[in-house]
Amino acid sequence: MTLTALATPASKETSMTITRRNFLTAATATAGAAMTPEMSHGHPHGHEHQAVPSDPTLRVKALESLLVEKGLVDRAALDALVDTYEHKIGPRNGARVVSRAWVEPAFKARLLADANDAMADFEYVSRQGDRMVVVENTATLHNLIVCTLCSCYPWPVLGLPPVWYKSAPYRSRAVIDPRGVLREFGLELPANVEVRVWDSTAELRYLVLPERPAGTEQMGEEELAALVTRDSMVGVAKVAVASSGGQG
């Protein structure tokens, strides 16, 4: 499974067209099937890949199927609930943090110095005891977040991690070829822009503070928050403003 298969050009809510339901269906359908380098990336190379879906993926599918069979869970309702937390409720929290940092220099300084302390202003506190670190994008530096071992993610500000973030291709290629990965998400960076990759862990989670787009000087905090996407806070996209002046 390549990132190209997972990614499409960025949209306002999400750049991914694959759904949780499609992912679970595909994962269980291919369980036990070997994955060659050609199947995984479209070109041969030396590093290994997970040949079968992870145990958690298979367990989730098995548990969900059992609950549905017993009439305790409705698949459509479950999908809607997950989608709400993945794309709506979660990222809105992070967007509020970003927009506050854009309009209040003092808050931005606090956020970059001690993200946990600054985010406590919004009552965004992790229940897992991990430490949050915010890294800032500039005209010459672009940050990209990944978890190479599993799917560690800043839940309090981004909600549930998207399927592509947890996939083996993203977790491996984000480190090996970050510019190539960004290109597949539709983000082409100039050669003079440094790309810095941050590997999240159970104890340390990262959030990208995107660059504030030009032409938003007159926008208020709420308007700015509406522009910020989940993908821009992971680092696979930039915040944009539509030519008409609306949301990007």
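Predicted model: local features only at pLDDT ≥ 70, side-chain atom pairs only at ≥ 80, totals over all residues.
Student: Where does S232 lie, and is it buried or exposed?

Tutor: S232 lies in helix α13, which covers residues 230–234, and at 0% relative accessibility S232 counts as buried, because buried means under 20%.

Student: Okay, and which backbone oxygen does its side chain reach?

Tutor: The side chain of S232 reaches the backbone oxygen of T229, at 2.7 Å. If we leave aside the neighbours within four places in sequence, S232 is also in contact with V208, P210, A237, K238 and V239.

Student: New topic: what is the phi of E123?

Tutor: The phi of E123 is near 65°, a positive value in a residue other than glycine. Most residues other than glycine have a negative phi. E123 sits in the loop between α7 (115–119) and β1 (131–136), and with a relative accessible area of 67% E123 is exposed.

Student: How many salt bridges are there?

Tutor: The count comes to twelve salt bridges. One of them pairs R110 with D121, whose closest N and O atoms are 2.7 Å apart. That pair links distant parts of the chain, eleven residues apart, with R110 in helix α6 (residues 105–113) and D121 in the loop between α7 and β1.

Student: Are R230 and D231, which form a salt bridge, buried or exposed?

Tutor: R230 is buried, and D231 is buried too, while the closest N and O atoms of their salt bridge are 3.0 Å apart.

Methods: Residues numbered from 1 in each chain as written. Heavy atoms only, no water. Helix = DSSP H or I, 4+ residues; strand = E, 2+ residues; numbered from the N terminus. Buried < 20%, exposed > 50% of the residue type's maximum accessible area, 1.4 Å probe, protein only. Polar contact = N/O pair within 3.5 Å; in protein donor to acceptor, adjacent residues only side chain to side chain. Contact = heavy atoms within 4.5 Å. Salt bridge = Lys/Arg side-chain N within 4 Å of Asp/Glu carboxyl O.
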